[in-house]
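Visitor: I would like to know what the words used for a structure rest on. Please take me through them.

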Amino acid sequence: SPHRLHHVEAALVGQTLDADLEAAASLAFDNEMVDTVDDVHCSAEYRRQMAKVQLRRALRDIVNGSRR
């Protein structure tokens, strides 16, 4: 389900859309409390890592889209 990433939001406010944006968001994500669960499909840690991957991909798409 959707979850707001307040540390990530705060790190991105006022930033320009460039390659450093992804790195800043990734670092801020490490300070987030993202609750995930283990189940038969994957571990909670794997889900957390995939959430971080999705964040990075979304920001990369935003940055690349702003250059078009």
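This is a predicted model: local features need pLDDT of at least 70, side-chain atom pairs count only at pLDDT 80 or more; totals for chains, interfaces and linings use all residues.

Guide: Residues are numbered from 1 along each chain as its sequence is written, and side-chain values use heavy atoms, with hydrogens and water left out.

Visitor: What makes a stretch of the protein a helix or a strand?

Guide: Both are DSSP runs, numbered from the N terminus: a helix is H or I with at least four residues, a strand is E with at least two. The protein has three helices and zero strands, so its elements read α-α-α from the N terminus on. Helix α1 covers residues 6-12 and includes leucine 12, while serine 26 belongs to helix α2, residues 19-29.

Visitor: Why is serine 26 called buried?

Guide: Buried means under 20% relative accessible area, exposed over 50%, and partly exposed in between, with a 1.4 Å probe and protein chains only. Serine 26 has 8% relative accessibility, so the residue counts as buried. Of the 68 residues in the protein, 25% are buried.

Visitor: Which residues does serine 26 contact, beyond its neighbours within four places in sequence?

Guide: Contact means heavy atoms within 4.5 Å. With those neighbours left aside, serine 26 is in contact with Lys52 and Arg56. Leucine 12 touches Leu21, Ala25 and Leu59, again not counting residues up to four places away. From leucine 12 to glutamate 45 there are 33 residues in sequence and 24 Å in space, C-alpha to C-alpha.

Visitor: How do you know how much of the contact joins residues 24 or more positions apart?

Guide: Among contacts with a separation of 6 or more, such pairs account for 54%.

Visitor: What makes a space a pocket and not a cavity?

Guide: On a 1 Å grid over the protein atoms alone, a cavity is a set of points where a 1.4 Å probe fits but cannot get out, whereas a pocket is an open set with protein on both sides within 12 Å along at least five of seven lines. Lining residues have an atom within 4 Å of a point. The residues that line the largest pocket include Ser1, His3, Phe29 and Arg47. Helix α3, residues 44-66, gives the largest share of that lining, four residues.

Visitor: What does the C-alpha trace span along its principal axes?

Guide: The trace spans about 40 × 25 × 20 Å.
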